[in-house]
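Have the viewer open and follow along.

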Amino acid sequence: MTHAPTSRPHPAALPVIATAQLMLVLDDTIANIALPAIADEFALAPAALPWVINAYVLLFGGLLLLGGKLGDVLGRRRVLVIGLAVFTAASAVAGLSWSGEALIAARAVQGLGAALAAPNLLALIATTFEEGPARNKALAVYGAMSGLGIIGGVLLGGLLASTLGWRSVFLINIPVGVALLLGTRMLGTTQPHRQRLDLPSAIVGTVGLIALVFAITQASELGWAAPLVLISGTVGIVLLLVFVIMQRTRTEPMLPLTVFHDLSRSASYLVVLFIGAGLMGTFYLLTLYFQNVAGMDQMMTGLAFLPFSFGVIIASVIGGKLVVERLPARLIAATGLVIAAGGLFWLATITPETTYFPHIAIALFLAALGLGGAFVVLTLTAVRDLPVRTAGIGSSLVNSAQQIGAALGLAIFTAVSAAASAMDTHGDTRTAIAAGYGTAFGIAAALMLVGAIIVAVGVRTPRPQAHQ
């Protein structure tokens, strides 16, 4: 970004940003293991239970653009504080909820708080740390938290739900959130920019994005041809097209379309969407495989994802270091996507008899290593050289791509695995289910190869200026 920090960042700045990102991403998955206990206590119907997850994802993904724009207009630290306060308060209500409806409503408000906080966390990295090694390190840590949050949600959720009860899954956010609110004092301030907040555009864009994400999340349950999915998807697409038209005619647009004029940035956003689909799709399908085919319990399922966590951590460190060492970003990201495709193709061969080690463990590690490395590098290319007045909205697009990609990955891979399982009539139920998961992994691997081609052709990011 075309902004240089005016002072040395506080030593606590990066830990505060990283912990906040981890907390927000954890809540994408931390409630999954607690769902059976929640359903028993509130007698939630099977159709209502997924909304404990979807309410958070919908509001988080749908309001990210608005959260980024508010950060540009009102000041990023200020909006971050508001977002963390809303998230923490909603976590308390969720943990103390008295009915299923109250819990779902609290989860939606959690998503609102996350949407206000997340894009401004990434923007604060770019405006707090100087371009070069310091910013690359910060982005590597940020990327690691995004990956670890998905897996950490299962590990922590299983531990808390099995020892302290399902309410602790949400109540744990209260002390963490309070500590983060105090820690935001260590972050640098950014001056609000005198811009008019275009509320009509904000409403049209937000409702359009929520409608599209709603269609994606419901497609995995109802099918792509269901009337509700078709109507909400059509409404979402139409509203987003209207939103684009509105941005072309506004003197101060909510989303300056100049953000997409840079080919490298646009390619990065698109492939981050692919990575979000690959990360969440791999996590979801393997969770089902471990429990429905391999017969693992909840705690063992969480532990089985440890190679994924190791892969994300190593990838974040190596990815940031390779950028510092002046290797082209497109080379690092494309290589990472090819490695991820290899791991996913290996997972595509799973059967009920497949051993966890070395087959699944190594394949899972390779997938995480490739996806994590590519994500770190593409996050860097997506926010590089953005004007400071559009830093928040540009950064929110990275989070939007990741969240929408996750929802899209869940919908597509679930539908593919179910269809493939139904077509397999040569074995028993477990064999058919495993075959369906394998087909979905094969498609995910092909998607990563397409992403590698897009990166190789489209990303033309200059090397870090500190080394030029």
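**Reading helix packing and a pocket**

A: Let's start with handedness: the crossing of H15 and H16 is left-handed. Keep in mind that this is a predicted model.

Q: Okay, and what two things describe a pair of packed helices?

A: You give the angle between their axes and the distance between those axes. Here, helix H15 (residues 329-347) and helix H16 (residues 356-383) cross at roughly 155 degrees, and their axes come within 7 Å. Angles over 145 count as roughly antiparallel, and H15 and H16 are therefore roughly antiparallel to each other.

Q: By class, which residues make up the contact of H15 with H16?

A: There are 19 nonpolar and five polar residues in that contact, with no charged ones.

Q: Can we try another pair? How do H12 and H15 pack?

A: Their axes are 12 Å apart, and the packing angle is about 25 degrees. Under 35 degrees counts as roughly parallel, so H12 is roughly parallel to H15. The crossing of H12 and H15 is left-handed. On the H12 side, Val-271, Ile-275, Thr-282 and Leu-286 make the contact, and on the H15 side Leu-337, Leu-344 and Leu-347 do. By class, that contact of H12 with H15 has six nonpolar residues, one polar and no charged.

Q: And how do H1 and H6 pack?

A: Helix H1 (residues 13-29) packs on helix H6 (residues 100-128) at about 150 degrees, with the axes 10 Å apart. H1 and H6 are therefore roughly antiparallel, and their crossing is left-handed. Among the residues in contact are Ile-17, Leu-24 and Asp-27 of H1, along with Arg-107, Leu-121 and Ile-125 of H6.

Q: Now the pocket. How much space lies in the second largest pocket, and which residues lie nearest its centre?

A: With a pocket, look at the volume, then the lining. The second largest pocket holds about 520 Å³ of space. Its lining has 18 residues, and Leu-209, Phe-260, Leu-273, Leu-397 and Ile-404 lie nearest the centre.

Q: Which helices supply the lining, and what is it like by class?

A: Helices H10 (199-222), H11 (227-249), H12 (263-293) and H17 (391-423) each supply at least two lining residues. The lining of this second largest pocket comprises 15 nonpolar and three polar residues, with no charged ones.

Technical notes. Residues are numbered from 1 along each chain as its sequence is written. This is a predicted model: local features need pLDDT of at least 70, side-chain atom pairs count only at pLDDT 80 or more; totals for chains, interfaces and linings use all residues. Side-chain values use heavy atoms; hydrogens and water are left out. Axes are lines fitted to C-alpha atoms, for helices over the stretch in contact, and angles run from 0 to 180 degrees between N-to-C directions. Helices (H or I, at least four residues) and strands (E, at least two) are DSSP runs, numbered from the N terminus. Angles under 35 degrees count as roughly parallel, over 145 as roughly antiparallel, 65 to 115 as roughly perpendicular and the rest as oblique. A crossing is left-handed if the near helix is turned anticlockwise from the far one by less than a right angle, and right-handed if clockwise. Contact means heavy atoms within 4.5 Å. On a 1 Å grid over the protein atoms alone, a cavity is a set of points where a 1.4 Å probe fits but cannot get out, and a pocket is an open set with protein on both sides within 12 Å along at least five of seven lines; lining residues have an atom within 4 Å of a point. Grid points are joined across faces, edges and corners, and a volume is the space filled by probe spheres set on the points. Ala, Val, Leu, Ile, Met, Phe, Trp, Tyr, Cys and Pro count as nonpolar, Asp, Glu, Lys and Arg as charged, and the others, Gly among them, as polar.
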